[in-house]
Amino acid sequence: MIVIVKNGASREALKELTDRIEGQGLKIHMSQGESTTIMGLIGDVSRVDIDLLRSNSIVEAVRRISEPFKKANRKFHPADTVVEIPARDGAVKLGGGEFCLIAGPCSVESEEQILSIARSVKAAGAHLLRGGAFKPRTSPYAFQGLGTDGLQLLLKAKAETGLPIVTEIMSVDKLEFFSDVDVIQVGARNMQNFELLKELGKCQKPILLKRGLSSTIEEWLMSAEYILASGNPNVILCERGIRTFEHFTRNTLDISAIPVAKELSHLPIIVDPSHSAGYARFVAPLSMAAAAAGADGLIIEVHNDPTAALCDGAQCIKPDAFGELTGRLSGLLSVMGGKR
C-alpha cells in the first residue's frame, strides 16, 4: 500500500500521520521527490482503514500494490535510483540517464593479463573493471578462478588505473574478502541464494544482481527485494540472457526485460551481451540493441588473447573491438539524447 502526501504538508502533520501508521505495527518507506512525497506501507496492511486514511487532510491518495515486491517497486519510488560508485576521478553514476560501461576478462588469470586489459578498457572509455576471482563453473573440473589471489590482482589493477572493480561472490563465507571490492556481483546461479542476498543487504556496497537462467522478471525483482529489505538500497539489475529452446546462441537475450523492468522498478538495469549469446561476433549488435532499448549500461567481457583464455574465450572481444564498440555506442546515445 502507498500513501501519496499532498504538496505543502507540514512536518508536524506528516509526523502525526507517520506515528499513527507505525502505531499499527507497520513500517514506512519514505520516498521524497521534487513535487511528491510517497509513503510505502510495509507489513500487514489488512488492518488499515483506507477510508480513514484518505480522510486525513494531508493525504492525496491511497493505493494498494498487488505486486509482491514492494521496495523494488516504482510505485514506492517513482524516481529512478542512481547508484553511485566511488572512483579516483569522481563517482561513477549508474542509472537516472547515465550510461555505464563495465569491461574486463571473464576471469583473472595473471598480473600481466589483468593489468594489460585494465589499461586497454580504460583507454577505450570503460568506467569500471570486471574480472572473476571466484568462478562458478558447470563442470567441477573447469578452472575455478584464482580466489583471493585474483582479488589482489584486481586491486592492483584498480590502484594503477583508478577503475573501480566488479567481481562475483560465491558464498556468504567469502564476504570478508570483499571489503575493498567496489561492486559485488551476484551471479545467475546465486540469484535465489536468499541467505547470501540477506547478508549483502546488510552492507551498503552496490550489488549487481544477475537474472537467473530460468527466472521470471518477478522472481528477479523479488531477489532484489531481499537485498533492499535488509537495508541496502544500492542494487543494480543485470539481464544476462535466459535459457530457451534455441541452441544457436548460448542464451537468449531478453531485450523486453529492459523496458518491463524499468516500468515495474526504479532500479537501474544493465545488460550482459557476452553471456547472452556466447559468441564474440554477437556482442556488438546486442550491445547496441540493449542501449537502444533503454539499458543503463553494459557489462562486457574483454580479453587480450581470447583463444588462450581460461574461461569463456569464445564470447570475449578484444580491446580494439571494445574501442570500436564504445565509439558506436557514443553515436547512438547522442542520437537518443542520453549520456555517457
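**Helix H9 and its neighbours**

I began with the buried residues of helix H9, and I found them packing against helix H7 (257-264), strand S13 (269-271), helix H8 (273-277), strand S14 (297-301) and helix H10 (319-336). A reminder to myself: this is a predicted model.

Which residues of H9 are buried? I looked along residues 283-292 and noted Val283, Ser287, Met288, Ala290 and Ala291. Then I looked down the axis of H9: the buried residues fall within an arc of 160°, so they line one face of the helix.

I also checked what follows the helix. Just after H9 comes Gly294, with a positive phi of about 105°.

I moved on to the loop between S14 and H10, where Asp312 is found. Its phi is near 55°, a positive value, and Asp312 is not a glycine. I wrote a reminder beside it: most residues other than glycine have a negative phi.

**The nonpolar cores**

How many residues does the largest nonpolar core have? I noted 62, and the ones with the most contacts inside this core are Val121, Leu129, Leu209, Leu237 and Phe322.

Leaving aside residues up to four places away in sequence, Phe322 touches Ala103, Val121, Ala124, Ala126, Ile300, Val302 and Ile317.

There is also a second, separate core, this one of 16 residues, with Leu14, Leu17, Met39 and Val45 among them.

The largest pocket holds about 480 Å³. I found 29 residues lining this pocket, and the closest to its centre are Pro136, Arg189, Arg240, Arg250 and His275.

Which element gives the largest share of that lining? Strand S9 (residues 165-169) does, with three residues. Sorting the lining of the largest pocket by class, I got seven nonpolar, 11 polar and 11 charged residues.

The second largest pocket has a volume of about 220 Å³. Its lining is made of 18 residues, and Gly90, Ala91, Val92, Ala126 and His127 are the closest to its centre. By class I noted eight nonpolar, four polar and six charged residues in the lining of this second pocket.

Definitions and conventions: Residues are numbered from 1 along each chain as its sequence is written. This is a predicted model: local features need pLDDT of at least 70, side-chain atom pairs count only at pLDDT 80 or more; totals for chains, interfaces and linings use all residues. Side-chain values use heavy atoms; hydrogens and water are left out. A nonpolar core is a set of buried Ala, Val, Leu, Ile, Met, Phe, Trp, Tyr and Cys residues joined through side-chain atoms within 4.5 Å. Buried means under 20% relative accessible area, exposed over 50%, partly exposed in between (1.4 Å probe, protein chains only). Contact means heavy atoms within 4.5 Å. Helices (H or I, at least four residues) and strands (E, at least two) are DSSP runs, numbered from the N terminus. The arc is that of the directions from the helix axis to the C-beta atoms. On a 1 Å grid over the protein atoms alone, a cavity is a set of points where a 1.4 Å probe fits but cannot get out, and a pocket is an open set with protein on both sides within 12 Å along at least five of seven lines; lining residues have an atom within 4 Å of a point. Grid points are joined across faces, edges and corners, and a volume is the space filled by probe spheres set on the points. Ala, Val, Leu, Ile, Met, Phe, Trp, Tyr, Cys and Pro count as nonpolar, Asp, Glu, Lys and Arg as charged, and the others, Gly among them, as polar.
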